[in-house]
Amino acid sequence: MFRDESRLGRFVVGLAMWLAIAGGLVLMAMVAMICISIVGRALLAFGLKPITGDYELVSIGMGFAVFAFMPWAHLTRAHALVSLITDSFGPAINNWILVVTDLMMLATSAFIAWRLYFGMMDKFAYKETTLLLRFPLSWAYAMGFVGAVIWVIVSLYVLGRSIGYATRGESEPKRMGAEV
Amino acid sequence: QEVTLRIHQFLPAQATMPAGAIEPWANKVSEESEGRIKFELYPAMQLGGAPAELYDQAKDGVVDIVWTVLGYTPGRFPKSEVFELPFMSPNGEIGSAAFYNYVMANSADEFAGVHVIALHTHGPGLFHSKDPINTLEDIKGMKVRGGSRIISDMLANLGAEPIGMPVPQTTEALSKGVIDGTTVPWEVTPSIRVAELVTNHTGFTSQYGLYTQTFGFIMNQDSYNNLPDDLKAIIDANSGLEVSRQFGMVMDEGDARGLKIAVDAGNNIVQLDEAQTQLWIDAAQPTIDKWFADMEGQGIDGKALYDAARAAVAAEM
Amino acid sequence: MTPLMLGFLGLPTVLILIFLRVPIGIAMFAVGIFGTWMITGNFNPVAAQFKNLTYSTFASYSLSVVPLFLLMGQFATVSGLSASLFNAAAAWLGHRKGGVAMAAIGASAGFGAICGSSLATAATMGQVALPELKKYGYSGALSTATVAAGGTLGILIPPSIILVIFAVLTEQNIAKLFMAAFIPGILAAIGYLIVIAIYVRMVPGSGGTRERMPYGERFKALGQTWPVMLVFLAVIGGIYGGIFTPTEAAAVGAAGTFLIALAARRLNRKEIVEACLSTASSTAMIFLIVFGAAALNGFLALSQVPQTLAMWVGEQGFNPWMVMILVLIFYLILGCFMDSLSMILLTVPIIYPMMSVLDFGLTPDEFGIWFGIIVLIVVEVGLITPPVGMNLFIINSMSPQTRLSETYRGVVPFVASDIIRTAILVAFPPITLFLVWMLY
Ligand code: NA
Ligand code: NA
């Protein structure tokens, strides 16, 4: 069940991938927005205008994009880690180390999502907004929360995947990423 | 019984308020308690988070005490926000006392769940620009940074192009001419090096400054409640109206220092005359009206609050 | 246990976790929140802080330059812009002993002039240079170390994210800092070229050479880098002409390389998806560490370790130069474990005020610029010092057949050249300040 080829696997991979692509597209939209705002500011004399709240929009976009990138990075093992010493421990121990670190990642993502939920509810309650656009911060948090929830789902799946490999006595295939 | 209280704030330790108000306050309280209250000072957001989170850090007990700008969390203190309206307050001392009294009488509910030590304002905000601003006409088309939505609104009404930009970006933007000017009180100018970057500073003859920002020196409610009664009394003796006034006076001293740097640098200091100032006050009226409409949308009587704020300021003058 | 003792136990604990293969960001985060919990004796403040801390760490305006520069690197690769840079450098340097590796340094310096991020520079040039280095028989150790070290030129040569952040923290003038970084940046590139020249002579068989190119071909290759020149002019012209800020330059660079890729008809749906996913992986990797470091920083500050160390140094009555040397050694050690951004955020607010009152025979402004550049260099060394060196990780992951231990070995001479350069810049402040004196 917890294999990338299974139905569950294909669903989770697809979910993380599309979310990451959405994050990337938001980055590109930010690039366009910043450039338009720069042009508007530079050509004030010709009646153009910068985009109001461009700095706030960049922050909100970042909040979405970075959360959106987290599931994909974990799924594809892109996070930086050091296997210099553990390489001498042999495959069986390493497979179980992976299970433990995946559990830590699950704990971290779940903690982040749990706390972010309460942060979001605070923002709804206190009605805080951004400075110029008066964009509700609750919505900005909610956009990040989507990524955080999917991060938890992916962390569950990845944990299941590494437990599966470890119990079968196999090692996970090497993936491109920052694993070293 | 001894307690250690952690104070968290967003400016470097050597800035006006941390060095001139917060540290002396902490030392005084510590002495009066004969060392039973100790303080740990954490400047420059050392304990983590962004400045906008400070208020919640005090409310939720992440730290014991914070000093923060209330405008960093727009929308959270709508009734207290009235003090940010243009031409409200003449200087830090009067503005701070008035602001404290106003909040206690009109918007104390916005500070439910925390223990307020002091509430204060800065001195009058004014223009700092590359080209001189001698008349209302001069600001037309200028790219000016405003620190809040109310200021940006007002700048737009005055015919300037408001640029919303975080304070740390201002120095960089001003030095390259990405913006033509900024609005800050004198106190802030040395730290962001305004007097080196621009040569013109425009203030008003009116007894009121262009705009005001509001600050809170806020303690976690449990940290306060858990103190034994005699230590509570010491904190109480160092809270309230007179401490707020004192914090405002430190702002005024900072203003004098900032002004002196600009004068020593040979910069052009413009004081707009009565007639000009009145033009600006008139031009700012739509901003005030818009704020009333905003408040009405939230079921708040903005006009009444505005009058209460003006009365609070008048009572101190 | 006192907070101070907990604080001193913190870094070794992070290190043990990292060597047990815990992702670096997670190791820092775990130690950070458990340490804070133990100091405050109460989990509620920890839990409360994280209602906002994660969001504000990710939704950061000033850190937006990181993904934007990474995106720029992706488009630079797709458009063939980085390949043209490498080819031009190889045309001029490739026939020398170690020439292909030298070309990688030259190309990194060129890319560093339009990109303000070391990681983005390393990742971008790695995609072009690593296959070439392999083709000409360069050992994995030298190849990965060269590209990782070359990547630090992304920050050392302006524009530079770290300098912007230092300037904000210490209230220095960014344009002057950029100016001052220029000569040290060039010296860095020259130092790396010398390292390669010595390395290939001392380790036989570590790399081959390309054929010598006639001058006509060389100038032709140089001419083909015109899109880079275009982006360079847009970025530098825009910053110094007052059209946009150095932070906004990241977006301008990304837009520029995107348009070039579009004009070259190299962008299709597949390429855009690839660019998104690569940027996603690298961005998430960096932000998980920045997030972990934020948690760790809070704990270290709370433990009073940095404050106590700074006070101790202050009380010893050392002569200023002695203090400077101690501070730099402290940075080098810290750089082995932390990423450069977190180091700056943790240490500069404490160390800068302590240093600025010492007398080095400079005006306060000169001191700020000089010290800023030196801090910049020592934290950049951290990117390539084992065990936690972000550039090493990124490049090693792009070269699956090279073991990390080989990369660690290969990078030692580059680190040595960094240390020598730092010593020279500390001993002779005018090298750093010369351009500023000339132009202001
Ligand atoms: Na650069
Ligand atoms: Na390192």
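Predicted model: local features only at pLDDT ≥ 70, side-chain atom pairs only at ≥ 80, totals over all residues.
Student: Take B:W25 and B:F217. How are their planes set?
Tutor: The planes stand at 85 degrees, with the ring centres 4.9 Å apart, so the pair is edge-to-face.
Student: Which parts does that pair tie together?
Tutor: B:W25 is in helix α1 (residues 16-32) of chain B, and B:F217 is in strand β10 (residues 214-220) of chain B, so the pair links parts 192 residues apart in sequence.
Student: Is B:W25 buried or exposed?
Tutor: B:W25 is buried, and B:F217 is too.
Student: And C:F360 with C:F367, what are the numbers there?
Tutor: That aromatic pair is stacked, at 5.6 Å centre to centre and 10 degrees between the planes. Both C:F360 and C:F367 are buried.
Student: Switching to charges. Where does the charged end of B:R310 sit?
Tutor: Over the ring of B:Y208, 4.6 Å from its centre. In chain C, the charged end of C:R218 sits over the ring of C:Y215, 4.4 Å from the ring centre.
Student: New topic: C:S82. Why does C:S82 count as buried?
Tutor: Because its relative accessibility is 1%, and the cut-off for buried is under 20%. C:S82 lies in helix α6 (residues 81-93) of chain C.
Student: What does the side chain of C:S82 reach?
Tutor: The backbone oxygen of C:A76, at 3.2 Å. A polar atom of that C:S82 side chain also lies 3.4 Å from the backbone nitrogen of C:T77.
Student: What else does C:S82 touch?
Tutor: Leaving out residues up to four places away in sequence, its contacts include C:T124, C:M125 and C:V128.

How values were computed. Residues numbered from 1 in each chain as written. Chains lettered and ligands numbered in written order. Heavy atoms only, no water. Helix = DSSP H or I, 4+ residues; strand = E, 2+ residues; numbered from the N terminus. Buried < 20%, exposed > 50% of the residue type's maximum accessible area, 1.4 Å probe, protein only. Polar contact = N/O pair within 3.5 Å; in protein donor to acceptor, adjacent residues only side chain to side chain. Contact = heavy atoms within 4.5 Å. Phe/Tyr/Trp six-rings, centres within 6.5 Å; stacked < 30°, edge-to-face > 60°. Lys NZ or Arg CZ within 6 Å of the ring centre and 35° of its normal.
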